[in-house]
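Hello,

Here is the structure I promised to pass on. Could you have a look at it alongside the notes below?

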Amino acid sequence: MGCSEIMSNIGGLIMDNKLVTFLSVALFAFVITVIALAVSNNNNASDLEECQARLDMLLSQTTTTLATTVLPTDVPTTTTVPSVTP
């Protein structure tokens, strides 16, 4: 049984089972696509975590404090009215 006879048998098997061959190639392409998307998603997740960490660092450096003035409530206020003489 020579190499050409084996290749001829494989070629005949593929041509006799076109649907199985097509589904096998489609499954292979699907598996490769899923692996590529998983790697891409992992890279995106790590990039997102890095951006969030940098954003938190920048926001913590730029916080501002507001000064508030509290007026005492127990001090009486007096109003003087100027007198008018005709």
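A word on terms before the residues: buried means under 20% relative accessible area, exposed means over 50%, and partly exposed lies in between, using a 1.4 Å probe and protein chains only. By that scale Ser60 is partly exposed, with a relative accessible area of 49%.

Please keep in mind that this is a predicted model, in which local features need pLDDT of at least 70 and side-chain atom pairs count only at pLDDT 80 or more, while totals for chains, interfaces and linings use all residues. Residues are numbered from 1 along each chain as its sequence is written, and side-chain values use heavy atoms, with hydrogens and water left out.

Now the overall picture. The protein has two helices and zero strands, where helices (H or I, at least four residues) and strands (E, at least two) are DSSP runs numbered from the N terminus. Of its 86 residues, 0% are buried.

Helix H2 covers residues 18-61 and includes Val39, which is partly exposed at 48% relative accessible area. Ser60 also sits in helix H2, and its side chain reaches the backbone oxygen of Met57 at 2.8 Å.

UniProt, in an unreviewed entry, lists residues 20-39 as "transmembrane region"; its positions are given in the numbering used here, feature names are shortened, and annotations may be inferred rather than shown by experiment. Over residues 20-39 the chain is 100% helix and 0% strand, with the end C-alpha atoms 29 Å apart.

What about the cysteines? Cys3 is exposed, with a relative accessible area of 59%, whereas Cys51 is partly exposed at 48%. A search of the whole structure turns up zero disulfides, a disulfide being a pair of cysteine sulfur atoms within 2.5 Å.

I hope this makes a handy starting point.

Best wishes

Notes. A polar contact is a pair of N or O atoms within 3.5 Å; within protein, one must be able to donate a hydrogen and the other to accept it, and residues adjacent in sequence count only if both atoms are side-chain atoms.
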